Amino acid sequence: MPYGTLYGMTYTIEARGLVKRYGDRAALDGFDLTVPEGTVHGLLGPNGAGKTTAVRVLTTLLRPDEGLARVAGFDVTRDGAEVRRHIGLVGQHAALDEALSGRANLEMFGRLSHLRPKAAARRAGELLDRFGLGDTGRKAVKHYSGGMRRRLDLAAGLILSPPVMFLDEPTTGLDPRGRAEVWAAVRALVADGTTVLLTTQYLEEADQLAHRISVVNEGRQVAEGTPEELKKTVGGDRVEIVVHDPADLPAAAALLGPDAETDPDTRRVSAPAPDRMATLTAVVNDLAAGGIAADDVAIRRPTLDEVFLHLTRSAA
Amino acid sequence: MNRLTWAFADGWTVTRREVTHWTANPGGLVAGLLFPVMVLLLFAYLLGGGIEVPGGDYREFLMPGMFAMTMVFGLEGTFTAISTDVTKGVTDRFRSLPMASSAVVSGRAAADLLTTVLSLAVLIVSGLAIGWRAHNGFGDALAAVGLLLWLRFALLWTGIWLGLKIRNPEAVMALQILVWPIAFLSNAITSPATMPGWLGVIADWNPLSSTAAATRELFGNPGWANDTWAAAHALELALVWPLVITAIFAPLSVRAYRNLSR
């Protein structure tokens, strides 16, 4: 099997059996990953799961003890310089020169990416405009808000329009507004066809942005799939009724059959809904026929939080 | 462009970053340049009145000591800049770019030498203003400046190594304080002969003392007669000490930088 392809598919990021040990603790312990071109892949896991170590190995900042990894077709240990020409990295800290303006930062990183002075200046202007920082002028980065810093950090990772972007917890520590700004920027990247590897502790973020997700725990991938597929692994959809009068709870539970679960505190009854819409229609009709007043009737899908807790608990 | 020209171009970009800091924050630059002048004035006018130098004026004696001391104080700037970049992730960003990896160090070295030249210039002008003179002509004065920069160059590697090794802010603070006794335990402001025996020996062998004593000779400034071997061979030691420091800390720095990927 030629490296870089598996079952006829070409992967932009590929890792096989990565191991990275610190003393007797393995930060990566047989880590595998495949990311097809042009997709957003989320690495989801608790603190210390090995997400950042994986990103540092894939971006050539860290040498693995064992295993192989290729990014954009280049081996990260043997062709580090080529890998660096094809990637952009946005790490956990906004890696910027605080004393310089946003423009000066981008021009410096542009020059160090071997753009000519004029091209570096032009690129800095383009990126500032694109990330809504065009009017920051000579203001030093230390006076920027958290969201502005993050956007500038993203811009710095994009100077060479790299085909592969690594974002390590890009919204950690941001307020909801800053987070929305970063999400919008990531979506714009994907629209341009960039392959993105994103690590996050926020399930909502992975759900919002990623095509596929790897759940990482204790240095290895414990589950992989689309958000929908992962949610299905915890169990299917459920129909949920919130009754108006708590006295109606037993009657509502009877409607849903033997698998119904009742939660008196929230006046809620729920049961598996294998047929989704058909189940929902039947439940609504039965409620009307039985004269039970409901505040809400809905089909609910398990959240990624439930998936996450389920997977990281079972792996531990 | 080939690899070597890129290495120079990248190093220059990193150096220019420091110059941009000056224009972005001129107050910081001025404060940094005036600090040694303040120390100079403290010793020249507040303490110096009580110190007698045989065959000369205390200020004439003091200036070469101040020059050498400023070289040692520069160490602090180097390691603070390096450790800030490492902890802020700027070093990682540099390392993820297709730039020459040597530029991170060469750019810092050039920037710090540039700052040192500026700092020396300010101090020389201040010295001239308070009556200090170089008596042996331009050539010897230039050689003295060369010796001072040679010491600073050696300490660059110490600063880079410390900056790569020491990450937590408390340790950085402790080091900033430790620079003081190291600088004062020398012949920069007074004769080691006046110190308790063993302290005097350490002060005599302090690389700073050798550079200070050698530049005193070259500038034709007075010093205490001191019959120790180290004092008698100040010029040789002023050449050898920085060489030894560089030979130790340059490889250590390279190794510490490589170990960032471990």
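# A chat about the model

Q: How many bridges join β12(A) to strand β14 of chain A, and how do they run?
A: Five bridges link β12(A) with β14 (residues 268-272) of chain A, and these strands run antiparallel. Two strands count as paired if DSSP finds at least two bridges between them. Helices (H or I, at least four residues) and strands (E, at least two) are DSSP runs numbered from the N terminus.

Q: What kind of model is this, and how is it numbered?
A: The model is predicted: local features need pLDDT of at least 70 and side-chain atom pairs pLDDT 80 or more, while totals for chains, interfaces and linings use all residues. Residues are numbered from 1 along each chain as its sequence is written, with chains lettered from A and ligands numbered from 1 in written order.

Q: Ok, back to β14(A). Which residue there stands opposite A:Val239?
A: A:Ala271 of β14(A) is opposite A:Val239.

Q: Why is β12(A) described as largely enclosed?
A: Five of the six residues of β12 (residues 238-243) of chain A are buried, so the rest of the structure largely encloses this strand. Buried means 20 or more other C-beta atoms within 10 Å of the residue's own.

Q: How many residues of helix α1 of chain A are buried?
A: Eight of the eight residues of α1 (residues 51-58) of chain A are buried, so this helix too is largely enclosed by the rest of the structure. Among the buried residues are A:Lys51, A:Arg56 and A:Leu58.

Q: What comes just after α1(A)?
A: A:Thr60 does, with a positive phi of about 70°.

Q: Changing topic: how many residues of chain B are in contact with chain A?
A: On chain B there are 21 residues in contact with 25 residues of chain A. The elements giving two or more residues to that side of chain B are α1 (3-24) and α4 (90-96) of chain B.

Q: Which element gives the most?
A: α1(B) does, with seven residues on the side of chain B that touches chain A.

Q: Where does B:Phe79 lie?
A: B:Phe79 is in helix α3 (residues 58-88) of chain B.

Q: Buried or exposed?
A: B:Phe79 counts as buried, because it has 24 C-beta neighbours inside 10 Å.

Q: What is B:Phe79 in contact with, leaving aside neighbours within four places in sequence?
A: B:Phe79 is in contact with B:Gly159, B:Leu162, B:Gly163 and B:Leu175. The C-alpha atom of B:Phe79 is also 9.5 Å from that of B:Gln176, a residue 97 residues apart from B:Phe79 along the chain.

Key
Buried ≥ 20, exposed ≤ 12 C-beta atoms within 10 Å, placed from the backbone. Contact = placed C-beta atoms within 7 Å.
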